[in-house]
Amino acid sequence: MIQALSGNAAVAYALKQVNPDVVAVYPITPQTVAMERFADYVADGDVDTELIMADSEHSAMSCCIGASVAGGRVITSTASAGLALMWEVLYVAASNRCPIVMNVMNRALSAPINIHCDHSDAMGARDTSWIQVHAENIQECYDNIFQAVRIAEHENVRLPVMTNMDGFTLSHATERLETLEDPQVQKFIGEFKPLYPLLDVDNPVTYGPLDLYDYYFEHKRQQVEAMELAHDVVVKVGEEYGKLSGRKYGKLELFKTEDADIGIVVLGSTAGTARVAVRAMREKSVNVGLMKLRLFRPFPLEEIKNALKGMKAVAVMDRSDSFGAFGGPVFSEVRSALLGEDIEVVNYIYGLGGRDIRQDQIEQAITETAQVAKTQKVKSYVNYLGVR
Amino acid sequence: MKQKGWKECLWGGLIVDAGNSVLYKTGDWRSQKPVRDTEKCTDCLQCWILCPDASVKVENGKVVGIDYDYCKGCGICAKICPFDAIEMVQEGEE
C-alpha cells in the first residue's frame, strides 16, 4: 500500500504492525507524536500491547528491560536528553542481552536547549553495545523497525537495536512510502522466542548478579562477539527484507563510488542532499562518489575499506562533535579503518542543533576535498561547515 | 573450581542453577575473624540467630564452630554475644 505519512506516523504505524508485547515510553520532542499515535492504536484496541507511561526515560528503559527479561517483545522510542538520561540503563539492556528495539529521533543535547537535529545523542551511546542503524528517509525509518526486530532477536545477536532517524527533518516531514500488509509483517518478524525468561517459573533464572573481576571481563567479551556476529545478520535480514518488499538493505549504500577519486561519507537524511551534490559535481567532471553509512554499530570496517580503496581523498561528514578529540566520531573511525591506505581523510562537522545543510555547502566540501586529492596537501583536517 | 572462558559461560552472568551460592566461598573477604572461647560460651545461640551468612555451625542445639569458608568477618556475633565469648582477631595475627 502507498501512503503519505510523517516520520512519526510511519514509526507508529510500523509499531502497530509489529504489535509488541510491551511499549514503555516517556514523551520527548521530536518523538512525542509517534508515541501519541501509538497510544491511539492501543486505546482503539488495534494492538495487544501493554503501554507503560513511565515517569522518565530512565524509568521507561528500565521498564523495557524488565519486560524483556520477563520474556516479552519490547519496543520504545526516545530522543536527545531522553537518550542521555537512559545512559546507565542502556548498558544494562545490552549487557542483559535484551533484544529491545528503540527508535531514536536524533536531536541535539542541551545546553542551550535545542530541539532540532544532530547526532550527539546517538553518538553519545555508541559504546553501549547497542546496534545502531541510521535512516535517510521515512521509507527507511519504517523498514528499519521490522529489520531491527529480526536483528535484535537473532539467536547469534540478542542485543538491543537503535533505529536512528533525523529529528524534524524526518520525524515531522511527510513523504510517500510503501507499507506492508499486517500479515506480511507478522510473517517476516515471526513469533518472539524468549530466552531464559524470568516468567518461566519452572526454570528459575537470576538476571544481573554481582559479577566481579572473575567473570565480568568474559561477559564483556561475549558482547564483542555478538556484535561481530551481527554483521552477517544485518546483511541476511536486509536481503530477506528485499525479497519481501523490493527494498534490499545492507550495511552501507554506495553511489558512484566505483570510478571515484574522492569520496564523501554521510549518515542519515543528509545522504539525500549529498547525492544531489555528487550528481551536480559529476557534471562538473569531479570524480566523486558517496558512501551512506547505514550501520554504525557494529562498524562495517571491511566494507568501508573496500569501497573507499583506491580513492585519493575522502571527506567524512559528522553531525556531532567530540569536543577536544581529533574530529568527529564518524571521522575518527573511518580514518582509522583506512589506516595503511594512501588516502587523505578530512572531516566536516556540520548541522549542529539543526543548522540546515545545503547542496552548495556539500559541493564546497567536495571541491576542497578534490583539491586535497590533487595537491596531496591538507590545509585543515577538521573543518566546520556552515558555522559563522 | 576451574573458571570458565567466555565461550563456555552464559551471557550476562545469567544464573540458571538454583542454590549455587554455596560454590562461592566468601571467607576470603574477611579481614578479622571471630574466635570463640568455648569456656565462656553458654550456647545461647544469639550468634547463630543473627549471623547474616549462616556461618555459626550448630549441632544438637550446641555451637560447634564457625564456618570460615563463608564467614565474612562482619563481627555481629562478637557484638551480640552476652558473655563476651567471641573476639574479633585480625587475620594473620592469631
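Let me begin with a definition: a residue counts as buried if 20 or more other C-beta atoms lie within 10 Å of its own, as exposed if 12 or fewer do, and as partly exposed in between, with the C-beta atoms placed from the backbone. On that criterion, buried residues make up 51% of the 388 residues in chain A.

What you see is a predicted model, in which local features need a pLDDT of at least 70 and side-chain atom pairs count only at pLDDT 80 or more, while totals for chains, interfaces and linings use all residues. Residues are numbered from 1 along each chain as its sequence is written, and chains are lettered from A and ligands numbered from 1 in the order in which they are written.

On confidence, the predictor gives the complex an ipTM of 0.88 and a pTM of 0.91. Chain B averages a pLDDT of 94, with 98% of the residues scoring at least 70; pLDDT is the predictor's confidence in each residue, from 0 to 100.

Turning to chain A, its secondary structure comes to 13 helices and 15 strands, where helices (H or I, at least four residues) and strands (E, at least two) are DSSP runs numbered from the N terminus. The radius of gyration of chain A is 21 Å, close to the 21 Å that the globule rule gives for 388 residues, so chain A is as compact as a globular protein of that length; the radius is taken over C-alpha atoms, and the rule is 2.2 Å times the number of residues to the power 0.38. Along its principal axes, the C-alpha trace of chain A spans about 70 × 55 × 45 Å.

The domain assignment, whose bounds come from an automatic or database source, gives domain 1 (2-245) and domain 2 (252-385) of chain A. The centres of these two domains, taken over C-alpha atoms, are separated by 28 Å. Across the boundary, 27 residues of domain 1 are in contact with 19 residues of domain 2, contact meaning that the C-beta atoms of two residues, placed from the backbone, lie within 7 Å. The largest share of the domain 1 side, 5 residues, comes from helix 9 of chain A.

Now to helix 13 of chain A, residues 359-375: at 1.5 Å a residue its 17 residues should span 24 Å, and its end C-alpha atoms are 24 Å apart, which agrees; the expected span is 1.5 Å times one less than the number of residues. Its buried residues include Ile362(A), Ile366(A) and Val372(A), and what covers the buried residues includes helix 10 (270-283) and strand 14 (344-350) of chain A. Glu368(A) also belongs to helix 13, and Glu368(A) is buried, with 20 other C-beta atoms within 10 Å. After the helix comes Gln376(A), whose phi is positive, near 55°.

A second residue to look at is Ala307(A), which lies in helix 11 (residues 301-308) of chain A and counts as buried with 21 C-beta neighbours inside 10 Å. Leaving aside neighbours within four places in sequence, Ala307(A) is in contact with Leu252(A), Leu254(A), Thr257(A) and Met291(A). Of these, Leu254(A) is 53 residues from Ala307(A) in sequence and 7.8 Å away in space, C-alpha to C-alpha.

Finally, how many residues does each chain bring to the contact between chain A and chain B? Chain B gives 11 residues and chain A gives 17.
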